[in-house]
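Please keep the model open while going through the numbered points.

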Amino acid sequence: MYTVYIWGHTLNIVNNKIMARGQRTQTPESFPLDFTAVEGNMESFMTQVKNLAQSLYPCSTQKLDQEMKLQFLRNSSVTCNDGSPAGYYIKESRGSRRWLMFLEGGWYCFSKHTCDSRYETMRRLMSSSKWPPTRTGTGILSSQPEENPHWWNANTVFVPYCSSDVWSGSTAKTDQNDYAFMGSQIIQEVIKELVTKGLDGAKVLLLAGSSAGGTGVLLNVDRVSELLEDLGLGSVQVRGLADSGWFLDHKQYRLTDCIDTISCAPTEAIKRGVRYWNSVVPERCSHVYNGEDWNCFFGYKVQPTLKRPVFVVQWLFDEAQLMVDNVHLTGQPVQEGQWRYIQNLGSELRNTLKNVPAMFAPACLSHEIITRSYWMDIHVKGTSLPRALQCWDRSLRHHGNSSSIQAPLRGCPLHLIDSCPWPHCNPTCPTIREQLTGQEMSVIQFLTHLGFDVQRMAQQQGMEPHKLLGMLSNGT
């Protein structure tokens, strides 16, 4: 028999049949499921849990609401780039004391010229004028337990990105300023409003984000915790989940002038942006780098200065990183120098992640993962990302807002990073599609497209070509 607690009810699972007993309590709490006991029949188990959850849900005549609903900020002075109101989408989960707040990504602009161009081509990332009234979450934002086994029952908040400042700015739109950059203030205002919607009774708040949103997590997780402490809510455990926001400030493969956001080296773009946005960064990081706040936008520099625990998710061959490094993988096969640069990128990322206590780093060529519907399918050393996050959650359960974690539980790893050296050498990487035809490519086809020379690489590795091909096919 297995016992699960869900919304104040005790569920006894006997021979794969679920029975409920007990009445609703005054202080319900979301369930800490350990799926190891039922992994052999997971699909059937999760279907039964979802059906039972729907029958127990308050207003039981209705099914669980799948959609997050748009709310504009009450403080109308905190806006998007164009002065339109900022806001957030929310799906409340009555009875759950866990909150998940997600920061959307979408790059940035760092000058009037680049922001004007962005406004013409990507206006939804600078204005709320055409936001839809609802959004349906996927991946870690999904309310389906089959897709999101550990966080499906959390109160879920999606904060659209409309400040173009990596969630760091604090400048209002005025007659002198064509655009507002208020990313850091949007986060603070959302938190204040959530307190009135139940966050004041939360046990855990996970601040998550992808791409620019992932970097935004690193810049804001301590400030969110400090705000809650100032509001008398220091008991809320604040944690960060940074997906695809761990960028490197290394030398580009091919140096170019800083004329747009794509070709401009990350270091130069962020240096200009920090001034243009009037950025706010973690105080301890700013102190470490003696006021050179641009350093705090790079994960390996800011993470050691943070007080709150952060789980880092990062593809070892991040497409956005390669793009700003001027390594382009479309069209003709890459040259030998580009191939070496790509391999070195994986090595550099591994080195910057080696001291991160909790992380998940597959050797794939991709960008963003936690809101993808396939996020459960990617494994590192036999462990999926949702499972790694559950292990991390368990390790932090009794540590409050401390960044320290206890020794990993047996069979519950927290530090997961691929050791194989090539893009997509992990067999669970997302499907690769040829850009022109849309056809799926095998790993070997993909590497050949990149200009991978099997004969030469086998010789360099001191092995027979057929053995190398077997290793590539198996992801070893």
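1. The secondary structure of the chain comprises 13 helices and 19 strands. Helices (H or I, at least four residues) and strands (E, at least two) are DSSP runs, numbered from the N terminus. The model is a predicted one, in which local features need pLDDT of at least 70 and side-chain atom pairs count only at pLDDT 80 or more, while totals for chains, interfaces and linings use all residues. Residues are numbered from 1 along each chain as its sequence is written, and side-chain values use heavy atoms, with hydrogens and water left out.

2. On confidence, pLDDT is the predictor's confidence in each residue, on a scale from 0 to 100. Its mean over the chain is 84, and 76% of the residues reach 70 or more. Two stretches call for caution in reading. Over residues 1-37 pLDDT stays under 50, and the model has 91 contacts beyond four places in sequence for them. Over residues 57-63 pLDDT likewise stays under 50, with 10 contacts beyond four places in sequence. Contact here means heavy atoms within 4.5 Å.

3. On the chain as a whole, 56% of the 476 residues are buried. A residue is called buried under 20% relative accessible area, exposed over 50%, and partly exposed in between (1.4 Å probe, protein chains only). Of the contacts between residues at least 6 apart in sequence, 73% join residues at least 24 apart.

4. How many disulfides does the count come to? A disulfide is taken as a pair of cysteine sulfur atoms within 2.5 Å. By this rule there are seven disulfides.

5. Cys-109 has a relative accessible area of 0%, so it is buried. Cys-115 counts as buried because its relative accessibility is 0%.

6. Cys-258 is joined to Cys-264 by a disulfide with an S to S distance of 1.9 Å. Is this link left-handed or right-handed? With -85° about the S-S bond, the link of Cys-258 and Cys-264 is left-handed. Cys-258 has 17% relative accessibility and therefore counts as buried. Cys-264, at 0% relative accessibility, is buried as well.

7. A further disulfide is formed by Cys-285 and Cys-296, whose sulfur atoms lie 2.1 Å apart. This disulfide is left-handed because the torsion about the S-S bond is about -110°. Cys-285 belongs to helix α6 (residues 283-288) and Cys-296 to the loop between α6 and α7 (299-302), so the pair ties together parts that are 11 residues apart in sequence. Both Cys-285 and Cys-296 are buried.

8. Helix α3 (residues 183-195) and helix α4 (residues 212-230) have axes that come within 10 Å and cross at roughly 40°. The axes are lines fitted to C-alpha atoms, for helices over the stretch in contact, and angles run from 0 to 180 degrees between N-to-C directions. The crossing of α3 past α4 is right-handed. A crossing is right-handed if the near helix is turned clockwise from the far one by less than a right angle, and left-handed if anticlockwise.

9. Which residues make this contact between α3 and α4? On α3 they are Ser-184, Ile-187, Gln-188, Ile-191, Lys-192 and Val-195, and on α4 they are Asn-220, Arg-223, Val-224, Leu-227 and Leu-228. By class, the contact of α3 with α4 has six nonpolar, three polar and two charged residues. In this scheme Ala, Val, Leu, Ile, Met, Phe, Trp, Tyr, Cys and Pro count as nonpolar, Asp, Glu, Lys and Arg as charged, and the others, Gly among them, as polar.

10. Trp-107 is not a glycine, yet its phi is positive, about 65°. Trp-107 sits in the loop between β6 (98-103) and α2 (112-121), and it is buried, with a relative accessible area of 13%. Trp-167 also has a positive phi, near 60°, in a residue other than glycine. Trp-167 is found in the loop between β8 (155-159) and α3, and its relative accessibility of 0% means that it counts as buried.

11. Asn-148 is placed in the loop between β7 (134-136) and β8. Asn-148 counts as buried, at 0% relative accessibility. Apart from neighbours within four places in sequence, Asn-148 is in contact with Gly-139, Ile-140, Leu-141, Ser-142, Trp-375 and Met-376.
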